[in-house]
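Please keep the model in view while reading.

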Amino acid sequence: MPRKKTPAPRGKAKEWILRLYIAGHSARAAAALQNLQAICEQHLSGRYEIEVVDLLKHPQLARGDQIVAVPTLVRRLPQPIKRIIGDLSNAERVLVGLDLRPRGRSARVAI
């Protein structure tokens, strides 16, 4: 799975750098990427970059972000670094985990 790049507004750097760790081209990996792209388009349109790292091809990269399970999403920027494990199907949990929504907010999110 190649790196997914989205255009940033002219003259503006990406504000969100996200790295999705997967292990091969499984249905779970594809679901995680699809769910992440939908959440990003809805909440971070034009302000994000997703890098997909296949640990079957690059296992040494797991050590740097302390990956113990896949799929795992790592928010590299903005700081601090955050990690979310799973297929990212629970959009509310992902939004809270990325600090896009405060904890305890009960609004429903559809993807």
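Which residues does Leu18 touch, not counting residues up to four places away in sequence?

## Basis of the description

This is a predicted model, in which local features need pLDDT of at least 70 and side-chain atom pairs count only at pLDDT 80 or more, whereas totals for chains, interfaces and linings use all residues. Residues are numbered from 1 along each chain as its sequence is written, and side-chain values use heavy atoms, with hydrogens and water left out.

With residues up to four places away in sequence set aside, Leu18 touches Leu36, Cys40, Glu49, Ile50, Glu51, Leu73, Val74, Arg75 and Leu98, where contact means heavy atoms within 4.5 Å.

Strand β2 (residues 16-22) is largely enclosed by the rest of the structure, because six of its seven residues are buried; buried means under 20% relative accessible area, exposed over 50%, and partly exposed in between, with a 1.4 Å probe and protein chains only. Strands are DSSP runs of E with at least two residues and helices are runs of H or I with at least four, numbered from the N terminus, and two strands pair if DSSP finds at least two bridges between them.

Seven bridges join β2 to the parallel strand β3 (residues 48-54), with Tyr21 standing opposite Val53. Five bridges pair β2 with strand β4 (residues 72-77) in the antiparallel sense, and there the bridge partner of Tyr21 is Thr72.

## Asn35 in helix α1

Asn35 has its place in helix α1 and counts as buried, at 16% relative accessibility. Its side chain reaches the backbone oxygen of Asp87 at 2.8 Å. Leaving aside neighbours within four places in sequence, Asn35 is in contact with Asp87, Leu88 and Ser89.

## The chain as a whole

The protein chain has three helices and five strands, which follow the pattern β-β-α-β-α-β-β-α along the sequence. Buried residues make up 39% of its 111 residues.

Conventions
A polar contact is a pair of N or O atoms within 3.5 Å; within protein, one must be able to donate a hydrogen and the other to accept it, and residues adjacent in sequence count only if both atoms are side-chain atoms.
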